[in-house]
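This briefing covers charged side-chain pairs. Please look at the sequence and the structure first.

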Amino acid sequence: MKMKTYYLILFLFVGINSELFAQQEKLEVAAYTFAVQPKVGTPSGHTRTAHLIEEVYGDLKTTVLYFKQGENRFCMITSALGVESGALRKASVKILSNTLKIDPGAISASSSHNHTIPFLNVSDKKPDADSPQVLSWELGLDFKKKLQQAADYVSKNLEPVYVEWGKAEENRITYNRKGYYPNGKTYFMREEDRIKLAGEGYRGLIDPDAIVVVFKNEKHKAVAALTSFTGHPVAAYDPEKLISYGQFPQTASEMLSEHLGGVPVGFVQGCAGDINEKYMLSGTIEQARQLGEYLGETFIHASKTLRPSKRIGLEWSREEVKIPFAELPSEESLRKDLATIDDFIRRGNAGDENTLHCVGMNFPKALSPPYRAKLVELVRPWYVWALEHYEQDKLGELPEYLPIEIVVARFGDVGLVGLPYEPFVMTGLKIKQASVLPCVITGGYTDGHYGYIPDARGADDREYMSGFFRYKKNIAPYKAPAGDMCSEVAIEALSEFAR
């Protein structure tokens, strides 16, 4: 009797849930891709110096994806350009929010963190005609016009979709650029270090997931796609001789788009803080294209093994995270480092080729000594700022943590985590490994630009990436768990979404 009652309850439960599942409003999606064309002479959008773009290889693409389920709406803009922060993000969010009539918090802006891009000036005031900034202003004007067209299109072309996803492994184009000296100290592994250390085959700890998410309509035809991979797009990048090029995220996404019939394809850059694409400072445009084609082939392979989502619908949230700060280094060590910095700058500006190491950072021979000196000069204000806290007895005024906001979302079985800084690969891997959802995109360079924030293991390191807080001028070093605080918050939010 008890067994019959159990099966009756089970039958009713499954029947009721099936009916509720069928009654839920379907997820709807619309997407649009547009391109802008930079010109030679446009100021760079990545380098910290005043260099101009000397060569242009093709256009640069931006994709808008608009999601809706009932009253729940969410919009993503993904781009080769720096849409994740500053005036460009503000202008982009304003256009999308006004047109789609949604809260700005429902709009997430993500950059591929491409190093070979121009600067877009989105000011309402036109610069002087003889200034290089006029090219940036014209490019910004074109971008805003085309983004408005994209917003108009997606607002009117939503259609019900099913969510399918696939993964494939790509391990030919990236490597972990955090090296370790015999004494345990870390260094930035440039291309010359990689080859010297272990030859062409060296990879280290990377995230090889090439993820493809395809949104298909009721006729099972693709209407849009979202991709993700982890690695700094820096092949054929030389900060002293700048080019404009879409790099592997754009090449691979274009190949997938063609394979799927020309649909818009967005790209989310992974947790690439310590992951480099090969050939930085030494690669050719042909090598850069080849790496993009490798990833494109892998995206296409992943698209041939798509799995349908068991879950349906859309969920998203904004989550607050507090990244803890450590104490400042001792006054003695700060003064010692400041003297080392001043000596390095003097020698670099004088052309001394033996300017390769300074305050935990190392520099490649491919960069000129004056350029190396400039990179070190940029951290000098941080040491002055830190010493002032000792001299003026202000150590007690330092904040205990950095408050940031991350975005967490779910489309069917696919999770998305967007982090407003350059996260290290372990931060992303921890989220993926602990998530209940079978497919999770972990992306940095989203809705903010706080620079590099290391994972728990790297909080005490001082190579370029882990010591990047010194470029921010007014924050203390991070302490463990550092960026992994975001992993903890994201895992909890994804678990709630996957219930």
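How many residues apart in helix α4 are Arg194 and Glu191? They are 3 residues apart in helix α4 (residues 191-198), so about one helical turn separates them. The model is predicted: local features need pLDDT of at least 70, side-chain atom pairs count only at pLDDT 80 or more, and totals for chains, interfaces and linings use all residues. Residues are numbered from 1 along each chain as its sequence is written, and side-chain values use heavy atoms, with hydrogens and water left out.

**Salt bridges overall**
- The count comes to 29 salt bridges, where a salt bridge is a side-chain nitrogen of Lys or Arg within 4 Å of a carboxyl oxygen of Asp or Glu.

**Within helix α4**
- Arg194 and Glu191 form a salt bridge at 2.6 Å, N to O.
- Arg194 is buried at 0% relative accessibility, and Glu191 is buried at 8% (buried means under 20% relative accessible area, exposed over 50%, partly exposed in between; 1.4 Å probe, protein chains only).

**Between helix α5 and strand β3**
- Glu254 and Lys61 form a salt bridge, with their closest N and O atoms 2.8 Å apart.
- Glu254 is in helix α5 (residues 247-259) and Lys61 in strand β3 (residues 60-69), so this pair ties together parts 193 residues apart in sequence.
- Helices (H or I, at least four residues) and strands (E, at least two) are DSSP runs, numbered from the N terminus.
- Glu254 is partly exposed at 33% relative accessibility, and Lys61 is partly exposed at 26%.

**A network**
- Salt bridges link Glu315, Arg410, Glu496 and Arg499 in a network.
- In the pair Arg499 and Glu496, the closest N and O atoms are 3.9 Å apart.
- Arg499 is exposed at 66% relative accessible area, whereas Glu496 is partly exposed at 46%.
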